[in-house]
Amino acid sequence: MTKEEKNTPKRRVTRRVKVGTVAIGGGAPVTVQSMLNTRTTDIDGCVRQIEELSDAGCDLIRLAVPDEASAEAFGKIAKATGKPLIADIHYSCKLAHLAIAGGAKKIRMNPGNMHNAEEIRELARRMADEGIPVRVGVNGGSRDPKFDGKGECEALVESALECANVFESCNMHDIVVAVKASDVRTMIAANRALAAACDYPLHLGVTEAGTLRSGLVKSALGIGILLEEGIGDTVRISLSDSPVEEVLACKTLLRSLGLKQDCVEVVSCPTCARTEIDVERLALAVERATAHVRLPLKISVMGCPLNGIGEGKHSNLGIAGGKERSVIMRDGEIVTTVDTNMLMPLFMSMLDEYIADYSKNH
Ligand code: SF4
């Protein structure tokens, strides 16, 4: 066990829910989720984006099913990709039935807009029979108004648990719960309360978190604080940006908390008056080149030898940039000094070599 693994927070004990072959909760690794932003009726576009997200390291992918044409397309997409896809359902149990018939491995439903208890019970019985789990997903912006008299945090939790109870009453126990709010502190408080009240695995996210910058900051705060307390079994960082960015951000967050080892950490300096190379361009290129790599590597890209050599000592591969000559380090040792004009292609080929060697030896 590494020092980092020893320091990871003790995880909350939950029941385990299986989404196809992917486990959520019950001691399983925290999973990364995202949602397609292509139209579900655009079958080719969806299949392409599912491949991109899977390559980037997304464990579970959700598609909106807003109408019957989308439900029909969902079935074709599920068949084409073979991935455990989640159908996102609002308003209509009928659409959930169609998505299950098309191969959905989990249904996400919003109790704020699905009120027919008998229809929900009928759906729950079918899901129990077919082993399809549900995510009861309550959002601050779309929760049931009947809880309006309560505080926001209490309303989110009660709404989620009331819906979960309907499923439980039908002998359907494969339940994941999410209570999301765009206000970070409300989201944290609601999840703490939920975690204390049940043993359901929790899906964490800050809803409507915003564009790249504000979405990353809010999500890292809300999700990160809860994960550090041991709360949370699956995560989505919602961004008004590419879903691939959501996946990469989730991986970075999990890796930063010691909850994920199978991805590359790229360390780069903020640059300053001493900077001698284009740190941003090189760091972005390294991130792009390693986004699909499932190895616990650390790579440092530093703009000068001042801190570059020291940081490189703790990395699998490192660069300390110089105006004319740059240093490349491997496993803490300086292995070569190269003409800075040739740094990028040389480093990239050394990176490929390192990944190949590491994969062979581990
Ligand atoms: S590593 Fe060098 S260039 Fe980068 S911020 Fe530190 S001192 Fe500046």
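Reader: How many bridges join strand β3 to β4?
Author: Three bridges join β3 (residues 31-35) to β4, and the two strands run parallel. One of the pairs is Ser34 with its bridge partner Ile61 in β4. The model is predicted, so local features need pLDDT of at least 70 and side-chain atom pairs count only at pLDDT 80 or more, while totals for chains, interfaces and linings use all residues. Residues are numbered from 1 along each chain as its sequence is written.

Reader: What counts as a strand, and when do two of them pair?
Author: Strands are DSSP runs of E with at least two residues, helices are runs of H or I with at least four, and both are numbered from the N terminus. Two strands pair if DSSP finds at least two bridges between them.

Reader: Ok. What does β4 pair with over four bridges?
Author: β4 (residues 60-64) pairs with β5 over four bridges, in the parallel sense. In that pairing Ala64 stands opposite Asp88 in β5.

Reader: And which strand is joined to β5 by four bridges, besides that one?
Author: Strand β6 (residues 106-109), which runs parallel to β5. Ile89 has Met109 in β6 as its bridge partner.

Reader: What is the strand order of the open sheet?
Author: The open sheet has eight strands in the order β8-β7-β6-β5-β4-β3-β10-β9, with parallel pairing. β8 (175-180) and β9 (203-204) stand at the edges with a single partner strand each, so one side of each has no neighbour in the sheet.

Reader: Back to β5. How many of its residues are buried?
Author: Five of its five residues are buried. Buried means that 20 or more other C-beta atoms, placed from the backbone, lie within 10 Å of the residue's own; 12 or fewer is exposed, and in between is partly exposed. Leu85, Ala87 and Ile89 cover one side of β5 and Ile86 and Asp88 the other. In β4, four of the five residues are buried.

Reader: Which loop does Tyr91 lie in?
Author: The loop between β5 (85-89) and α4 (93-101). Tyr91 has a positive phi of about 70° although it is not a glycine. Most residues other than glycine have a negative phi.

Reader: Is Tyr91 buried or exposed?
Author: Tyr91 counts as exposed because it has 12 C-beta neighbours inside 10 Å.

Reader: Where is the other one, Thr271?
Author: Thr271 is in the loop between β11 (265-268) and α10 (279-290). Thr271 also has a positive phi of about 70° without being a glycine. With 17 other C-beta atoms within 10 Å, Thr271 is partly exposed.

Reader: New topic. Which residues are around the ligand?
Author: They are Cys269, Pro270, Thr271, Cys272, Arg274, Thr275, Met302, Gly303, Cys304, Leu306, Asn307 and Gly308.

Reader: Last one: what does the domain assignment give?
Author: Domain 1 (14-256) and domain 2 (265-361), with bounds that come from an automatic or database domain assignment. Their centres, taken over C-alpha atoms, are separated by 37 Å.

How values were computed: Near = placed C-beta within 6 Å.
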